[in-house]
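Let's take a walk through a protein together, one step at a time. Have the sequence and the 3D view open while you read.

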Amino acid sequence: MRVTALVLGAALLRAVLAPAGDGLSTAAFGACLLAISWTELKAPTRPSPASGGGKLSVVRGVVAGVMVGAILLAPVVTGRLSGRPLPDFWAWAAITALIATLEETAIRGALYRRWSEEAGPVAAIVVGAVVFALIHLPRYGVGAMPLDAAVGLALGGLRAVTGRVLPCAIAHTIADWGACFWA
């Protein structure tokens with residue numbers, strides 16, 4: 001529960017700081033997620049026979065992440081292209097990749113590990129999906145919650161199947177980047 005509260009608290013801080021500017025609120029959010037991930041990386045763990053899934057090789061995990069990222073784009077690629085200029089994309093893409101990776105290390109890394117130890121991988125996937133949807137609520141609103149929860153379930157499933165966070169970060173980044181081009 002502690003890691004869950006910390007991740008949700010980081011999202012709340014981002015929402016509170018939003019009026020001060022997107023740069024500040026995003027930097028604070030990213031710093032909180034990094035601190036959570038770093039602290040949990042060093043935290044002792046209990047052996048868990050019900051951790052779920054095996055561990056794919058890094059290459060297979062990356063391929064799985066790319067495939068899931070492409071699947072996550074399905075809801076948006078049927079729309080029209082946004083017409084956003086490509087030069088504006090690069091700085092945004094770098095920040096987006098960093099924040100998506102930090103979200104994944106916190107949610108599919110630290111939070112998944114703790115919930116999996118306590119209640120098993122299914123609980124870890126479901127709680128991670130709910131937290132994922134909730135942290136995006138202030139930014140995208142209630143209307144996006146079902147999609148965010150579904151994406152959270154897909155990313156949690158990917159974590160369980162691959163045994164790694166890296167494929168989740170890849171899939172999340174691909175989905176965010178692709179969504180930039182479809183309005």
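The paragraphs below go from the overall fold to the core and then to the charged residues.

First, a word on what you are looking at: this is a predicted model, in which local features need pLDDT of at least 70, side-chain atom pairs count only at pLDDT 80 or more, and totals for chains, interfaces and linings use all residues. Residues are numbered from 1 along each chain as its sequence is written, and side-chain values use heavy atoms, with hydrogens and water left out.

How confident is the predictor? The score to know is pLDDT, the predictor's confidence in each residue on a scale from 0 to 100. The mean pLDDT of the protein is 89, and 89% of its residues reach 70 or more. Confidence is highest in α7, with a mean of 96, and lowest in helix α4 (residues 74-77), with a mean of 75. Where pLDDT is low, the predicted coordinates should not be read in detail.

Now for the fold. The protein has eight helices and zero strands, where helices (H or I, at least four residues) and strands (E, at least two) are DSSP runs numbered from the N terminus. If you follow the sequence from one end to the other, you read α-α-α-α-α-α-α-α. Among the contacts with a separation of 6 or more, 80% are between residues 24 or more positions apart.

Next, look inside. A residue is called buried under 20% relative accessible area, exposed over 50%, and partly exposed in between (1.4 Å probe, protein chains only). Of the 183 residues in the protein, 43% are buried. Some of the buried residues belong to a nonpolar core, which is a set of buried Ala, Val, Leu, Ile, Met, Phe, Trp, Tyr and Cys residues joined through side-chain atoms within 4.5 Å. The largest such core has 31 residues, and those with the most contacts inside it are V7, F29, L33, L72, V131, I135 and L155. Which helices build it? At least two residues each come from α1 (2-17), α2 (22-42), α3 (58-72), α5 (86-119), α6 (121-140), α7 (145-162) and α8 (166-181). The biggest share is that of α5, with eight residues.

What about cysteines? A search of the whole structure finds zero disulfides, a disulfide being a pair of cysteine sulfur atoms within 2.5 Å. C168 has 0% relative accessibility and counts as buried, whereas C32, at 25%, counts as partly exposed.

Let's turn to charge. Side chains of opposite charge can pair when their charged atoms come close. A salt bridge here is a side-chain nitrogen of Lys or Arg within 4 Å of a carboxyl oxygen of Asp or Glu, and the structure holds six of them. One of them joins E40 and R2, whose closest N and O atoms are 2.4 Å apart. Because E40 lies in helix α2 and R2 in helix α1, this pair ties together parts that are 38 residues apart in sequence. E40 is buried, at 2% relative accessibility, while R2 is partly exposed, at 48%. A network of salt bridges links R2, E40, R113, R114 and E117. Within it, R114 and E117 pair with their closest N and O atoms 3.3 Å apart. These two are three residues apart in helix α5, so about one helical turn separates them.

Another pair is R108 with E104, where the closest N and O atoms are 2.7 Å apart. They are four residues apart in helix α5, so they too are separated by about one helical turn. R108 is buried, at 1% relative accessibility, and E104 is buried as well, at 0%. Beyond four places in sequence, the residues that R108 touches include F132, L155, R159 and C168.

Finally, which side chain of opposite charge is nearest to D148? D148 sits in helix α7 and is buried without a salt bridge; the nearest side chain of opposite charge is R108, 9.5 Å away. For that count, Lys and Arg are positive and Asp and Glu negative, while His and the chain ends are not counted. Setting aside neighbours within four places in sequence, D148 is in contact with F132, A133, H136 and Y140.

Technical notes
Contact means heavy atoms within 4.5 Å.
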